[in-house]
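Please look at the structure shown here before reading on.

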Amino acid sequence: MKVKMTDLPGIGKKISFITGEDSMIVLVVHHTGKREMYFFYDKDNDEADFSIDLTADETRELGAQLLGAVFQPVDSEKMKLLRSQIVTEWIKLEKESPLVNKSIGASEIRKKTGVSVVGIFRSDGVIASPDVDQVLLAGDTLMAIGKQEEISLFEELCAGEAVI
């Protein structure tokens with residue numbers, strides 16, 4: 001991608017981006033803070049195919065999104081492999097479970113099952129990324145992550161059907 005910056009006397013700056021497909025995006029930043037963005041399907045056209053006015057905040061947000069501030073795409077092959085190996089499940093903790101009234105650490109959940117508890121949903125709220133000293137209560141819904149066979153064992157443990 002080619003980037004070219006030009007002064008616009010009395011107006012501000014013009015920043016032109018030429019894409020690999022020979023399209024062009026032009027951003028005009030006014031001294032007043034106003035921003036105008038133009039898109040040219042063909043970089044050699046004199047008239048833009050479409051344009052949009054943006055505030056300074058909108059421009060910063062657009063830039064942050066383009067940089068991947070919130071979402072970073074993952075290679076599809078890596079994602080297929082990840083999905084086949086890692087499972088996230090929400091599991092209710094039954095009163096018969098040996099985990100009830102014990103902390104995550106004292107229960108040695110990860111050591112015994114391989115599962116990590118990454119969230120707890122309770123009637124009075126949500127505990128995200130609980131500490132190892134967090135005590136589990138009957139009726140909690142636990143957000144767990146692990147391999148499928150680990151999750152299955154953890155489900156049995158939460159139901160009171162397994163003792164490890």
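The questions and answers below concern salt bridges and pockets in this predicted model.

Q: Why is the contact between Asp-7 and Lys-13 called a salt bridge?
A: The N to O distance between the side chains of Asp-7 and Lys-13 is 2.4 Å. The cut-off is within 4 Å for a Lys nitrogen and an Asp carboxyl oxygen, so the contact qualifies. By this rule the model has six salt bridges.

Q: What makes Glu-36 buried or exposed?
A: Glu-36 has a relative accessible area of 13%. Buried means under 20%, and therefore Glu-36 counts as buried. Its salt-bridge partner is Lys-34, with the closest N and O atoms 3.3 Å apart.

Q: Why is Lys-111 called exposed?
A: The relative accessibility of Lys-111 is 70%. Exposed means over 50%, so the term applies to Lys-111. Lys-111 forms a salt bridge with Glu-108 at 3.7 Å, N to O, and Glu-108, at 31%, is partly exposed.

Q: How do you know which classes of residue line the largest pocket?
A: The lining includes Phe-17, Leu-27, Thr-59 and Gly-63. The lining has eight nonpolar, two polar and no charged residues. Helix H1 (56-67) supplies the largest share, four residues. The pocket holds about 230 Å³ of space.

How values were computed: Residues are numbered from 1 along each chain as its sequence is written. This is a predicted model: local features need pLDDT of at least 70, side-chain atom pairs count only at pLDDT 80 or more; totals for chains, interfaces and linings use all residues. Side-chain values use heavy atoms; hydrogens and water are left out. Buried means under 20% relative accessible area, exposed over 50%, partly exposed in between (1.4 Å probe, protein chains only). On a 1 Å grid over the protein atoms alone, a cavity is a set of points where a 1.4 Å probe fits but cannot get out, and a pocket is an open set with protein on both sides within 12 Å along at least five of seven lines; lining residues have an atom within 4 Å of a point. Grid points are joined across faces, edges and corners, and a volume is the space filled by probe spheres set on the points. Helices (H or I, at least four residues) and strands (E, at least two) are DSSP runs, numbered from the N terminus. Ala, Val, Leu, Ile, Met, Phe, Trp, Tyr, Cys and Pro count as nonpolar, Asp, Glu, Lys and Arg as charged, and the others, Gly among them, as polar.
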